[in-house]
Amino acid sequence: MIEVKNLHKSFGDVKAVKGVTFTARDGEITGLLGPNGAGKTTTLRMLYSLLPPDQGEIRIDGLDPTRSAMEIKRTLGVVPDSRGLYSRLTARENITYYGELHGMSKKAIQQRIDHLTETLDMGDFIDRRTEGFSQGQRVKVAIARAMVHEPQTILMDEPSNGLDVMTTRALRHYIRSLRDEGHSVVLSTHIMQEVAALCDRIVIIAKGEVAADGTAAQLLERSGSDSLEDAFVKLIGSEEGLLA
Amino acid sequence: MRGLTTVFKKEVRENIRDHRALFNSLLLGPLLFPLLFVGMMWFVTSAEKERAEQTLELPVIGAHYAPSLIRFLEQQGAEIQPEPENPEELVLSQEVPVVLRILPEYPEKWAEGLPAPVEVISDPSRQESNAPIKRVKGLLYGYGQQIGSLRLQLRGVSPQVASPIMIKDVDLSTPKSRAILAVIFLPYVLMITAFTGATHLAMDTTAGEKERKSLEPLLINPVPRWQIMTGKMITTMVFAMASLALTLVSFRIVLPYMPVGAFGMDLTLGLETLLIILLILSPVAILAAALLTLLASFAKSYREAQSYMGLVILIPMIPSLIFMANPIKAEAWMMGIPLFSQNLLIGEVIRGETVSLGWYGLSIASTLAIGLVLAALAANLYNRPKLIFSGS
């Protein structure tokens with residue numbers, strides 16, 4: 001469970017995030033939807049304690065990332081915007097590295113990798129070096145790496161970026177299964193269809209602020225539109241950044 | 001410390017698989033530098049020897065004014081060549097190193113018993129003409145001495161009257177202490193290899209990690225950042241040390257093939273000497289790893305880091321240059337200066353001098369202290385979010 005209240009962050013004169021408030025519950029998929037440059041990635045970076053907020057409050061399962069960064073990092077599984085795998089290590093070694101950094105035993109890591117290999121269908125490439133992997137294979141390894149320590153809360157930045165239809169389907173299926181296991185999943189995206197197909201709750205972010213917050217049905221109702229796309233345009237007040 | 005060792009193990013494994021890293025840090029230096037060193041020495045000595053053994057070809061102007069001098073020169077093995085048309089130009093264009101001109105008033109002065117004028121035309125700023133100039137002057141001086149003695153004897157004076165002082169050379173330099181070139185260059189070459197051994201790793205583990213976009217996910221792990229950075233730096237230090245050790249071994253293998261006699265040089269590196277040199281230089285490896293990691297952490301990309309490294313590699317050169325321009329005697333306070341103290345200490349060790357333990361201690365301690373301060377700075381650098389995201 002994530003609670004964010006009135007979050008602010010500036011870089012020099014640029015106010016990237018100015019007053020973001022939302023709640024992401026366990027057993028729900030929360031989508032941060034917004035055009036490019038709306039402040040989604042910055043918000044996520046503050047959640048996983050890589051950036052300190054200028055102002056505002058964050059609680060993840062009751063913990064404050066500015067005070068208990070290490071504890072929070074243990075309960076978080078993060079698939080950041082930059083997937084960055086080590087190309088000279090195999091997929092298994094990449095995942096093992098993160099397991100070891102989490103202090104897991106060799107045996108626990110091995111079991112967990114076996115499980116993730118099956119769930120994410122990575123059997124074909126788990127023992128290959130990641131040099132020359134396809135986007136889909138990369139995302140799968142990045143997700144497995146983030147999930148190796150069985151985190152309760154999962155943050156994903158643009159998870160389906162650059163994936164083909166089949167891989168996107170498989171990914172959505174996996175994210176739903178995480179929700180059904182009771183995890184809290186937060187993902188950021190600028191793709192409408194993704195939100196419509198996947199998210200239980202939608203937080204629309206534009207220009208660093210929350211423009212609207214609710215289920216898909218609530219957003220349609222509030223904006224008086226028939227489609228989510230129209231609702232989105234109406235709620236953020238422009239078509240800027242939609243054509244990505 | 002679990003995080004630290006995990007990072008260390010992973011970096012070692014990853015970089016051992018990187019053939020470019022292995023080649024750059026562990027092979028290039030150890031192979032290239034000793035060969036370069038020996039090649040240079042061999043070239044210098046053989047060129048020197050060649051010039052000394054060559055017959056002296058000497059163009060002479062106005063040879064007919066001084067037939068007995070010419071005869072003397074020929075007896076001493078000089079090959080007298082006919083009068084050139086434009087001797088100055090010949091010397092300046094380096095066609096001949098030296099030309100002798102006997103002036104027209106030579107016979108007259110000679111007959112009167114006054115100093116007879118000759119000119120040695122040469123360009124001493126050219127390194128390669130030094131040997132022939134010296135030989136020509138030596139021959140002229142010898143001839144003058146001989147004639148002078150004869151004249152004194154003719155007048156019934158002992159020639160010894162004209163030599164109030166007798167100079168005898170008493171050479172106390174041992175073959176080892178004459179190895180001045182080696183004393184200057186060997187420490188430099190060794191320190192360079194510590195830096196080259198560290199360069200690739202320092203860049204790959206920081207700027208490279210940033211460029212490959214793997215730094216952000218790495219820092220999300222529940223490991224303090226200083227442990228991650230220290231793990232990386234220890235890997236870099238290990239590579240720098242390995243590069244250093246391999247270079248020393250390589251020197252040991254190559255040195256016996258050096259032209260020893262010409263320089264009067266005795267440069268066998270025994271196992272004990274090797275170990276002492278390694279001990280003296282290991283703080284440099286730590287200093288190099290910390291300094292390079294610190295700098296590379298600021299860079300946005302591998303390429304940017306590379307442009308800094310080019311300059312840093314000049315740093316170990318500075319003490320050697322000072323030393324070359326102004327060879328000074330080692331003193332205790334100098335042991336407090338990193339890179340400089342190693343330079344002096346290795347020089348002393350090669351010359352076979354005994355060095356007090358305090359000097360070793362001071363040199364190691366001061367370099368280590370500065371290295372550790374730099375390492376501490378580098379370890380905490382990624383606590384600044386600006387540096388994590390720069391370039392992304």
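This is a short tour of a predicted model, stop by stop.

**Stop 1: chain A as a whole**

Select chain A and colour by secondary structure. Chain A has 9 helices and 9 strands. Its radius of gyration is 18 Å, close to the 18 Å that the globule rule gives for 244 residues, so chain A is as compact as a globular protein of that length. Along the principal axes, the C-alpha atoms fill a box of roughly 50 × 40 × 35 Å. Now think about the inside: 44% of the 244 residues of chain A count as buried. Contacts reach along the sequence too. Take those in chain A between residues at least 6 apart: 69% of them join residues at least 24 apart.

**Stop 2: chain B as a whole**

Switch to chain B. Here there are 15 helices and 4 strands. Of the 392 residues in chain B, 36% are buried. For chain B contacts between residues at least 6 apart in sequence, 76% link residues at least 24 apart.

**Stop 3: where the chains touch**

Show both chains and select the residues in contact. Chain A brings 21 residues to the contact, and chain B brings 20 residues. Which helices of chain A each supply at least two residues to the side that touches chain B? They are α2 (69-75) and α3 (91-101). Of the two sides, stay with that of chain A: α3(A) gives the most to it, with 4 residues. Colour this side by residue class. The side of chain A that touches chain B has 12 nonpolar, 4 polar and 5 charged residues.

**Stop 4: helix α3 of chain A**

Select residues 91-101 of chain A, which form α3. Is α3(A) largely enclosed or largely open? Of its 11 residues, 10 are buried, so α3(A) is largely enclosed by the rest of the structure. Click through the buried ones, including A:A91, A:R92, A:N94, A:I95 and A:T96. Further along, A:Y97, A:Y98, A:G99, A:E100 and A:L101 are also buried.

Next, show what lies over them. The cover of these buried residues includes α4 (106-119) and α5 (135-147) of chain A. It also includes α1 (2-17) of chain B. Then step past the end of the helix. A:G103 follows α3(A), and its phi is positive, near 80°.

**Stop 5: A:I175**

Move to helix α6 (residues 165-180) of chain A, and pick A:I175 within it. A:I175 is buried, because 22 other C-beta atoms lie within 10 Å and 20 or more are enough to count as buried. Leave out residues up to four places away in sequence, and A:I175 touches A:I29, A:V185 and A:L198.

**Stop 6: helices α8 and α9 of chain A**

Select residues 216-223 and 228-236 of chain A: these are helices α8 and α9. They pack at an angle of about 60°, and their axes are 9 Å apart. That angle makes α8(A) oblique to α9(A). The crossing of α8(A) past α9(A) is left-handed.

Show the side chains at the join. On α8(A), the contact uses A:A216, A:L219, A:L220 and A:S223. On α9(A), it uses A:L228, A:A231, A:K234 and A:L235. Which classes make up the contact of α8(A) with α9(A)? There are 6 nonpolar, 1 polar and 1 charged residues.

Technical notes:
Residues are numbered from 1 along each chain as its sequence is written. Chains are lettered from A and ligands numbered from 1 in the order in which they are written. This is a predicted model: local features need pLDDT of at least 70, side-chain atom pairs count only at pLDDT 80 or more; totals for chains, interfaces and linings use all residues. Axes are lines fitted to C-alpha atoms, for helices over the stretch in contact, and angles run from 0 to 180 degrees between N-to-C directions. Angles under 35 degrees count as roughly parallel, over 145 as roughly antiparallel, 65 to 115 as roughly perpendicular and the rest as oblique. A crossing is left-handed if the near helix is turned anticlockwise from the far one by less than a right angle, and right-handed if clockwise. Two residues are in contact if their C-beta atoms, placed from the backbone, lie within 7 Å. Ala, Val, Leu, Ile, Met, Phe, Trp, Tyr, Cys and Pro count as nonpolar, Asp, Glu, Lys and Arg as charged, and the others, Gly among them, as polar. The radius of gyration is taken over C-alpha atoms; the globule rule is 2.2 Å times the number of residues to the power 0.38. A residue is buried if 20 or more other C-beta atoms lie within 10 Å of its own, exposed if 12 or fewer, and partly exposed in between; C-beta atoms are placed from the backbone.
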